[in-house]
Amino acid sequence: MDLLTSIILGTLQGLTEFLPVSSSGHLVLAERILGSNASSGLFFEVMVHFATMISVVIFFRKKIGRLIMSLIPPYTEDKKPILKLAIIIVIGTIPAVILGLGFEDQIESAFGSAKVAAIMLIVTSMILLSTRLRKHGKKTLGYGSGFLVGVAQSLALMPGISRSGTTISAGLHLGIDPGEAAEFSFLLSLPAVFGATILKSFQLAQEPVNGSEIGIYIAGAIAAFVVGYISIAWLMKMIKRGQFFYFGIYCLLVGIAGVIWL
C-alpha cells in the first residue's frame with residue numbers, strides 16, 4: 001500500500017464509519033475499484049477502526065466521563081439516569097455479540113463479495129428512506145427500545161448495511177428523540193468496535209507487519225480520526241434538521257451503480 005491509497009482509505013473509513021452510508025460496503029467497493037494496490041491488511045484495518053473509535057470518545061467525552069463515574073460507588077440518586085444508560089448500552093451490545101460469534105465465518109465470507117456489498121447498500125437506502133415516513137418522537141430510551149436498537153446494530157455486521165443508519169433509524173421508528181437516538185447510536189458503537197479491535201489485535205500475532213509501511217498506516221489512521229470527528233458533528237446537525245433521510249438517496253445511487261458496474 002502506498003501513502004495516497006492509505007490516506008484515501010483512511011478518509012473513506014472516517015467519512016463512512018459514522019455517516020449512515022456503510023463504511024464496510026464502501027471499503028469493499030473501493031478495494032475492488034482500486035485493485036490489489038488497495039489491499040489494506042489486518043494491521044491497517046485495526047488502526048483505522050481504533051482511530052475512528054477515538055474520535056467518538058473525544059466527541060462525546062463529557063457523556064462518556066459521566067458514564068464511567070456512574071459505575072463508581074457511591075450510587076447516588078443523581079447517578080441513576082446515567083447509570084441506566086450504561087446498562088442499556090450493555091443490553092444493546094448483546095445481539096451483535098451473539099450474532100457475530102455465531103455467524104463469524106458467514107460474515108467473513110460476505111466481505112469477499114463486492115456485489116453483496118452493493119445490494120446491501122440498496123437495503124440500507126430503504127431503511128434510511130423509511131424514516132421519512134416517521135414524525136420525530138420525543139420518547140426517552142428504555143431497556144426494551146435499547147435492546148431493539150441493538151438488534152438493528154447486529155444487522156450491520158453485513159457489508160453494505162450501515163451501523164449508524166440502522167441503529168438511528170430503529171431509534172426514530174421507536175419514537176425516540178432524534179438527538180438522543182443519534183447519541184445512543186454512537187455510544188453503542190464503542191463496545192462493538194472496541195471488542196472487534198481487541199479480537200483482531202490478537203490475530204496480528206499471526207500476521208507479519210511490514211515496518212517500512214507503519215508510517216503509511218499512521219497517515220491513514222490520522223485521516224480516519226480527523227474525518228471521523230467532522231462526520232459525527234455533521235451528522236448530528238443533519239439529524240436535528242430532519243435531513244437524515246437524504247443519505248438514503250445517496251446509498252441507493254451508489255448501490256445501483258455498484259450492481260450495474262459489477
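Start with the aromatic cluster. F18, F59, F60, F186 and Y229 make up one cluster. Keep in mind that this is a predicted model.

Now the pairs. Searching the whole structure gives seven aromatic pairs. I'll take W234 and F247 from that search.

Where do W234 and F247 lie? W234 is in helix α11, residues 214-240, and F247 is in helix α12, residues 246-261. The two parts are 13 residues apart in sequence, so this pair ties them together.

Buried or exposed? Take F247 first: its relative accessibility is 7%. That counts as buried, because the cut-off is under 20%. W234 has a relative accessible area of 41%. So W234 is partly exposed.

Next, F245 and Y246. Here the ring centres are 4.5 Å apart. The planes are at 55°, so we call this pair tilted. Why not edge-to-face? Because that label needs planes over 60 degrees apart, and these are at 55°.

What about accessibility for F245 and Y246? F245 is at 12% and counts as buried. Y246 is at 43%, which puts Y246 in the partly exposed class.

Last item: a charge and a ring. Which ring does the charged end of K84 sit over? The ring of Y143. The distance to the ring centre is 5.4 Å.

To recap. F245 and Y246 are tilted. K84 has its charged end over Y143.

How values were computed. Residues are numbered from 1 along each chain as its sequence is written. This is a predicted model: local features need pLDDT of at least 70, side-chain atom pairs count only at pLDDT 80 or more; totals for chains, interfaces and linings use all residues. Side-chain values use heavy atoms; hydrogens and water are left out. Rings of Phe, Tyr and Trp (its six-membered ring) pair if their centres lie within 6.5 Å; planes under 30 degrees apart count as stacked, over 60 as edge-to-face and the rest as tilted. Helices (H or I, at least four residues) and strands (E, at least two) are DSSP runs, numbered from the N terminus. Buried means under 20% relative accessible area, exposed over 50%, partly exposed in between (1.4 Å probe, protein chains only). A charge sits over a ring if NZ of Lys or CZ of Arg is within 6 Å of the ring centre and within 35 degrees of the ring normal.
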